[in-house]
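Here is a short walk through one protein model, written for someone who would like to find their way around it quickly. Please keep the viewer open as you read.

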Amino acid sequence: MLNALITLAFVYLQSPLSAFPPIEVPGGPGKFDFTQIDAKNRLFLACHPGKKAITVVDLRTLKVRDVNSVVECNGVSADSDSHRIYAAGPGEKLVCIDSKTWQPIATLDLAGPGDGVQVDAQHGKVYVANDDGTNLWVVGSKSMKLETTVKIKEAPEYLELDIAKGRVYQPIKSASVVQVIDMKSSKVAAEWKLSSLTGPHGCAIDRESKTLFVVGSNGKLAILDATTGAVSCLLDVTPRTDQIAYDQKLKRLYIPGAGTIQVVQIVKGQGIVIGSVAVDSDCRRVSVEPSTSDVWVAYSNKKGSYVQQFKALK
């Protein structure tokens, strides 16, 4: 296995991604937060709290626009079949937006600021993490009513769902653990330590191999068994990431931070950094389009707000 990983690193020679020119978002500078790809409808979504908007890129035409998010939002998630977008943030509301008309459909007041958002379309639920708080709110996706509140440890970050296993994986930056929430009981079923990783922010999952990836603010990547929580690999990576992304097809993990997107190849529960590409220093969040393996980011600087596409070199 070691020889295979070394060969991969040699082949890519620090260039696993090819950058396209940045696309300017109309309206000037304004900070970004979490992003997501609506794979079925081919949309790149980026929370644009600096503009009280969600930046939307049509991946078929590369047309970009900001749509009204009603309040500042940090987290976004799409229900592709119902053409609904859910977003939450410091505005202390969960907002539902129609992705055909781009008009708000409904809002729900939250008992605090939201952060990470994920939709379970199969069971009609939206999970909203309480930014720097101790709540994971579970909301009916159609009713837009609060169904239950899961008490978690303080300061949750980006969360992932494994609907097949009925689990929510919730990194907690204050305790440097992942809490595993059982979807059926809406209770914390397990808590996993992350070795020497601290301040977990980025989280992604390989559902085929049942592997969980967590990156800490201290520049550590932990690769875990998503069933038992056992850490199979601990790797030094770029620090100060906020959101990571995993390409299921190419078995690659993308870690943005400190002016670079680092690319980690995953082989049988182990990882090796196969290269990186320079990005704006504000770029700390990333998403991957599953059908094309294209990588997308959003960032802002003094000149303006931008989205950017990268082609994965195979």
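## The chain as a whole

Of the 314 residues of the protein chain, 57% count as buried, where buried means under 20% relative accessible area, exposed over 50% and partly exposed in between (1.4 Å probe, protein chains only). The model is a predicted one, in which local features need pLDDT of at least 70 and side-chain atom pairs count only at pLDDT 80 or more, while totals for chains, interfaces and linings use all residues. Residues are numbered from 1 along each chain as its sequence is written, and side-chain values use heavy atoms, with hydrogens and water left out.

The secondary structure of the protein chain amounts to one helix and 29 strands; these are DSSP runs numbered from the N terminus, with helices being H or I of at least four residues and strands E of at least two.

## A four-stranded sheet

Take a look at the open sheet made by four strands in the order S3-S4-S5-S6, with antiparallel pairing. Two strands pair if DSSP finds at least two bridges between them. Strand S3 (35-38) and strand S6 (63-68) are the edge strands, each pairing on one side only. From one strand to the next, the twist averages 25 degrees, with axes being lines fitted to C-alpha atoms (for helices over the stretch in contact) and angles running from 0 to 180 degrees between N-to-C directions.

Strand S4 (residues 43-48) is joined to S5 by six bridges, and His48 has Ala53 in S5 as its bridge partner. These two strands form a hairpin with four residues between them, and Lys52 in the turn has a positive phi of about 50 degrees. On its other pairing, strand S5 (residues 53-58) is linked to S6 by six bridges, with Val57 opposite Val64 in S6. S5 and S6 also form a hairpin with four residues between them, where Leu62 in the turn has a positive phi of about 65 degrees. Five of the six residues of S5 are buried, so S5 is largely enclosed by the rest of the structure.

## Two serines with positive phi

Ser176 has a phi near 55 degrees, a positive value in a residue other than glycine. You will find Ser176 in the loop between strand S16 (167-172) and strand S17 (177-182); its relative accessible area is 17%, and it is buried.

Ser293 is not a glycine either, yet its phi is positive at about 65 degrees. This serine belongs to the loop between strand S27 (287-288) and strand S28 (295-300), and it counts as buried at 0% relative accessibility.

## A cavity

The structure holds one cavity of 30 Å³ or more. A cavity is a set of points, on a 1 Å grid over the protein atoms alone, where a 1.4 Å probe fits but cannot get out; lining residues have an atom within 4 Å of a point. The largest cavity contains about 30 Å³ of space, its volume being the space filled by probe spheres set on the points.

Among the lining residues are Phe34, Gln36, Val76 and Tyr158. S11 gives the most to the lining, with three residues.

Terms used: On a 1 Å grid over the protein atoms alone, a cavity is a set of points where a 1.4 Å probe fits but cannot get out, and a pocket is an open set with protein on both sides within 12 Å along at least five of seven lines; lining residues have an atom within 4 Å of a point.
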